[in-house]
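Dear colleague,

Here is the structure you are taking over. Please look through it first; my notes follow below.

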Amino acid sequence: GDYSFSIQNRVMTASRSGSLHDAPSLPVGRSSTSMQSSGGDLDFRLLLERLDILEKWYEIAIRPDKDDCDMEDLDLLQNEIDDLDKLTERCLQVRTLLNERIWSSRHGLLAHRNEKYLEARESNIPNAGLGLFWTGATQIKKGEVFCFYWGHIHNFRSMRHVKDKSYLMLVDGQLFVDPCPIHQIKARYINDPLNEMLYNCKFVPEPKQFGCVCMALRDVEPGEELFASYGDMYWSQQTYDGTVLRNETSDK
């Protein structure tokens, strides 16, 4: 990982205003996995719709009609009794395909203009690995959004198959995001100094965008390291104590 105390379950509260069910309908007779030339976000949305149909089929037994089913999933309709093992496997396969394409499909939409001024380098927290620093010429103003915490998309079932859960964040309901496989996502380097006096940003859930915005809690000066709370639930689940950063050592 990028730092010694990892982010396993940052639990946040937000109204469930968006999820997998906001994806557009899949055109009849069209295969979502063959949409190579459809455009990044459309490709993402088609796979999301396919996954939503499969997940509803598995979880609440809503069996799709042939016209609503992706061409590549029609084999699952051949038997009158659903094969739950095959459904589970197909859900994981489609989610893997979705996550393999998520960077190329979404990074242009989620890139923030200030990200070029964010730099990952050695944290001020001893033995914490990399931290995230603001290198802009002017302040980040209080309440300003400066980047986005996002990544691979998971629910409670699929997250069990994630080997490294150190960056998993619960955004809303069953929506988890995991930037661990995508090192270009700069928000993953934000550390928790375990010192309320040093927190200068927070994670704000944005379920419709499948992640959280990173928002300044106060004005952030050029050269400052960005710090956010991981929450009591996260730390209560750890087998070790995090390092508390004293105020006088936070500004190298």
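**Cysteines**

With a cut-off of 2.5 Å between cysteine sulfur atoms, the count comes to 0 disulfides. Cys147 is in no disulfide, its nearest cysteine sulfur being that of Cys214 at 3.6 Å. Please keep in mind that this is a predicted model. A disulfide is a covalent bond joining the sulfur atoms of two cysteines. Why is Cys147 not counted as bonded to Cys214? Because the limit is 2.5 Å, and the sulfur of Cys214 is 3.6 Å away.

As for accessibility, Cys147 has a value of 1% and therefore counts as buried. Cys69 is also buried, at 5% relative accessibility.

**The sheet with E4, E9 and E8**

E4 belongs to an open sheet of 3 strands, in the order E4-E9-E8, with antiparallel pairing. The edges of this sheet are E4 and E8 (201-206), each of which pairs on one side only. On average, neighbouring strands in the sheet are turned by 30 degrees against each other, with direction ignored.

In general, strands of a sheet pair through backbone hydrogen bonds, and the pairing can be parallel or antiparallel. Between E4 and E9 the pairing is antiparallel and runs over 4 bridges. Which residue of E9 is the bridge partner of Phe148? The partner is Val213.

Two residues in the loop between E9 and H4 deserve a look. Strand E9 spans 211-216 and helix H4 spans 232-236, with Ala228 in the loop between them. Glu224 is placed in the loop between E9 and H4 as well.

Is Ala228 buried or exposed? Ala228 is buried, because its relative accessibility is 0% and the limit for buried is under 20%. Leaving aside neighbours within four places in sequence, Ala228 is in contact with Ile190, Asn191, Asp192, Pro193, Tyr199, Cys201, Lys202 and Phe203. For one of these, Cys201, the C-alpha atom is separated from that of Ala228 by 5.3 Å, although the two residues are 27 apart along the chain.

Glu224 has a relative accessible area of 14%, so this residue is buried too. The side chain of Glu224 makes a polar contact of 2.7 Å with the side chain of Arg218. Beyond four places in sequence, the residues in contact with Glu224 are Leu132, Phe133, Trp134, Asn200, Arg218 and Asp219.

**Two positive phi values**

Most residues other than glycine have a negative phi. Ala61 is not a glycine, yet has a positive phi of about 60 degrees. Where does Ala61 lie? Ala61 is in the loop between helix H1 (40-60) and helix H2 (84-110). Its relative accessibility is 57%, so Ala61 counts as exposed.

Asn127 has a positive phi too, near 65 degrees, and is likewise a residue other than glycine. Asn127 sits in the loop between strand E2 (118-122) and strand E3 (130-134). With a relative accessible area of 69%, Asn127 is exposed, because the limit for exposed is over 50%.

Regards

Methods
Residues numbered from 1 in each chain as written. Predicted model: local features only at pLDDT ≥ 70, side-chain atom pairs only at ≥ 80, totals over all residues. Heavy atoms only, no water. Buried < 20%, exposed > 50% of the residue type's maximum accessible area, 1.4 Å probe, protein only. Contact = heavy atoms within 4.5 Å. Polar contact = N/O pair within 3.5 Å; in protein donor to acceptor, adjacent residues only side chain to side chain. Pairing = 2+ DSSP bridges. Axes fitted to C-alpha atoms, helices over the stretch in contact; angles between N-to-C directions.
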